[in-house]
Amino acid sequence: MAPDLTKQVLTNTAETVLARRYYLKDSAGVPLETWETLCRRVANAVAEVDRESEQFEKLKDDFFVMIYSMDFLPNSPCLMNAGTDLGQLSACFVLPVEDSMDGIFSAIRNGALVHKTGGGTGYSFSRLRSKNASVRSTQGVASGPLSFAAVFDAATETIKQGGKRRGANMGVLRIDHPDILDFIAAKEDQGKFNNFNFSVAITDDFMEAVESDGEYTLIEPSSGTIVKELKAREVFERIIDLAWHNGEPGVLFIDAANRGNMTPQLGEFEATNPCGEQWLLPYESCNLGSVNLANFIKDDDVDYDRLKSIVHIATTFLDNVIDCNRFPIKEIEEMTLKTRKIGLGIMGMHDMLIQLGVAYGSEEGRELCAKVMRFIRQCSEDRSRQLAELKGPFPAYDPAINEYPPRRNAALTSIQPTGTVSMIADCASGCEPYYSIVMVKNVMDGDRLILVNKYFEAVASKEGFYSEELMTKVADSGTVVGHEEIPEMWQKVFCTAQDIQPEDHIRMQGILQQNGVDSSISKTINLPNKATREEVKLAYIMGYRSGCKGLTVYRDGSRDSQVLNTKDSGPGEDRTMMVSTEGQCKRILPDTLDAKRYRLKDQDQKSVYIIVCFDENEQPMEVFAKFPFDNRLDLKDKSTMWTTTCRLVSLALRFRVPMDEIIKQLDRSSGHMQDLPAQLSKLFKSFMAGTQHGFASACPECSGPLIFEEGCETCHDCGYSKCS
């Protein structure tokens with residue numbers, strides 16, 4: 001493949017994300033790179049492994065063109081660190097937590113080293129003895145896994161990953177651990193364990209007990225003795241209740257994962273990386289990268305020939321990353337080199353379907369995606385076998401155990417989050433459908449910019465139904481569905497995550513898992529806010545039966561919010577009234593209102609709680625600020641300013657001042673991106689951008705709305721991700 005130096009046109013969002021997170025900078029923070037020079041840096045560093053090969057120069061060019069054209073992008077640590085002194089290129093790690101003080105604090109130390117270099121870590125706390133179990137060495141009792149998880153969480157909070165990536169963890173506990181009920185409820189209070197995703201490792205035995213309405217046993221890990229029996233359905237209902245409440249804990253089907261363990265002689269899977277797509281043995285790491293399926297459509301079909309070529313190059317690239325990687329600790333290097341696992345994934349899957357006129361939630365769409373994923377997996381395996389012939393198979397390959405021809409890599413494929421890299425490539429993330437097709441962006445001068453998906457704009461223009469009025473209607477409604485101007489076919493093709501039925505999300509995850517995904521899949525099963533606990537239960541059961549290795553559900557509006565003082569007014573009673581003040585109508589509010597609480601950071605990085613009260617139509621009516629400030633004189637003025645601003649905004653809301661006018665005044669009053677006017681403006685903008693979804697959680701870096709997808713919260717404004 002000859003180098004193609006045609007200028008790559010980046011979107012404004014891509015340029016912003018690259019400049020903020022990826023380009024190398026000078027001491028003043030000024031970027032020293034462009035997209036082209038970044039791609040050269042990465043390609044040259046990874047190709048260096050084959051410097052003595054006669055294919056070296058071609059390999060450098062192949063790597064460069066593949067990345068520069070965005071046919072494939074490696075994970076963020078590789079883009080950030082390849083060719084630098086840091087040189088740590090992996091995204092995913094699992095570290096063991098042994099049942100001893102030395103083992104626990106060694107894990108904390110190792111996790112800190114991983115986070116410092118830009119990686120995310122998974123921990124299983126299942127080996128730790130339960131709370132109040134005896135500790136023979138001290139004649140005392142154990143404090144239990146959750147107490148130590150809090151120490152891990154606090155350690156993560158102190159690690160700043162060079163301003164580019166923050167620490168992220170997955171905490172796992174087996175369903176048969178005696179402390180499982182405490183673990184399930186650990187994140188009911190969303191102010192705790194903010195640096196962790198929590199997931200329950202569910203066994204086949206447990207699920208069988210759920211289905212038969214039987215009991216199952218809790219086993220003390222330090223002794224292997226049975227300590228108690230619980231009703232499986234009652235425990236399952238508790239998981240369902242908390243998942244309905246705020247999306248956590250997730251579930252991991254650990255027996256399904258271990259059935260796919262290609263090196264059982266090295267141990268069993270206990271945990272995954274933070275977003276759940278990589279099942280790894282203790283001390284294993286995995287480097288990831290994703291093929292951009294949006295780029296492989298030719299003559300109204302998938303260009304399988306070109307896709308095969310890119311998959312071969314990408315497999316070679318990811319294998320090389322293992323050898324040029326600088327691992328944070330020796331044990332990780334040793335284990336990774338034994339298995340040489342790679343995680344070749346996809347992004348732009350919804351773009352591929354859209355270009356072919358196929359609906360994401362259709363059987364045709366699922367079958368096509370499964371066919372493409374099987375093809376990618378087979379091409380990657382073919383290349384891995386070729387690499388094994390050239391360089392040798394992974395050292396842990398054992399022909400007595402591994403019933404397949406020698407290959408270079410023990411695992412080849414997964415589907416991981418691509419939140420920020422898909423922003424660079426301007427495509428849908430991972431295997432997720434688009435979250436929105438038309439969005440409103442409010443800018444500082446008060447104007448509303450309508451941002452339209454490039455494929456939807458092209459179709460609407462070609463088919464003759466494009467208009468600014470229609471785009472505004474779609475943006476305000478949050479969906480293309482239900483607009484009579486849009487032909488029914490295109491309403492189906494451009495359905496977004498919220499429009500697609502939960503069971504169709506699960507069917508897509510299940511069919512991909514069983515057709516070409518070695519490890520697992522990071523995907524969110526989106527549920528509407530009105531979804532019931534029974535629907536969450538059915539989603540988990542369906543995911544288990546579909547062969548998924550893990551599942552994350554998210555009920556819209558349930559994360560980072562808390563309903564306060566909810567009280568029904570009574571049948572048919574409307575407590576919202578009007579009074580007249582000089583010709584204007586001011587609403588008299590009922591005694592109780594629904595409310596949501598948002599935890600923000602001010603410009604001094606102090607926590608401030610914003611409480612927004614809503615009427616029966618989910619329109620904001622009042623705004624309050626609460627501060628956990630010390631009673632210090634130097635903070636009194638700040639408290640007064642926040643309180644006064646909230647009162648004025650509340651008054652404007654009750655007099656029905658248009659939301660865009662309130663936003664305009666807040667923007668004009670703002671002097672800092674994290675002062676109160678800016679924070680309130682961002683919240684109101686997120687409300688206007690997704691009217692049927694209510695307020696979004698606020699990004700801690702730019703205060704933009706956070707979207708929950710791929711098992712994680714991501715800001716589409718600045719590229720921030722809670723999990724990376």
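**Reading the labels**

Tutor: Keep in mind that this is a predicted model. The structure holds six cavities of 30 Å³ or more.

Student: What makes the second largest one a cavity rather than a pocket?
Tutor: A 1.4 Å probe fits there but cannot get out, so the space counts as a cavity, whereas a pocket is open. The volume of the second largest cavity is about 210 Å³.

Student: Which residues line the second largest cavity?
Tutor: There are 24 of them, and Met170, Ser199, Cys275, Thr552 and Gly711 lie nearest its centre. Strands E9, E12 and E22 each give at least two residues to that lining. By type, the lining has nine nonpolar, 11 polar and four charged residues.

Student: Why is Leu653 called buried?
Tutor: Its relative accessibility is 5%, and buried means under 20%, so Leu653 qualifies. Leu653 sits in helix H21.

Student: How do you know that Leu653 is in contact with residues beyond its sequence neighbours?
Tutor: Contact needs heavy atoms within 4.5 Å. Setting aside neighbours within four places in sequence, Leu653 has such contacts with several residues, including Arg587, Glu622 and Phe684. Glu622 is 31 residues away from Leu653 in sequence, yet their C-alpha atoms are 6.9 Å apart.

Student: What makes E21 and E22 a pair?
Tutor: Pairing takes at least two bridges, and four bridges join these parallel strands. From E21, the chain passes through helix H20 to E22 in a right-handed β-α-β crossover.

Notes. Residues are numbered from 1 along each chain as its sequence is written. This is a predicted model: local features need pLDDT of at least 70, side-chain atom pairs count only at pLDDT 80 or more; totals for chains, interfaces and linings use all residues. Side-chain values use heavy atoms; hydrogens and water are left out. A crossover is right-handed if, with the strands pointing away from the viewer, the path from the first strand over the helix to the second runs clockwise. On a 1 Å grid over the protein atoms alone, a cavity is a set of points where a 1.4 Å probe fits but cannot get out, and a pocket is an open set with protein on both sides within 12 Å along at least five of seven lines; lining residues have an atom within 4 Å of a point. Grid points are joined across faces, edges and corners, and a volume is the space filled by probe spheres set on the points. Ala, Val, Leu, Ile, Met, Phe, Trp, Tyr, Cys and Pro count as nonpolar, Asp, Glu, Lys and Arg as charged, and the others, Gly among them, as polar. Buried means under 20% relative accessible area, exposed over 50%, partly exposed in between (1.4 Å probe, protein chains only).
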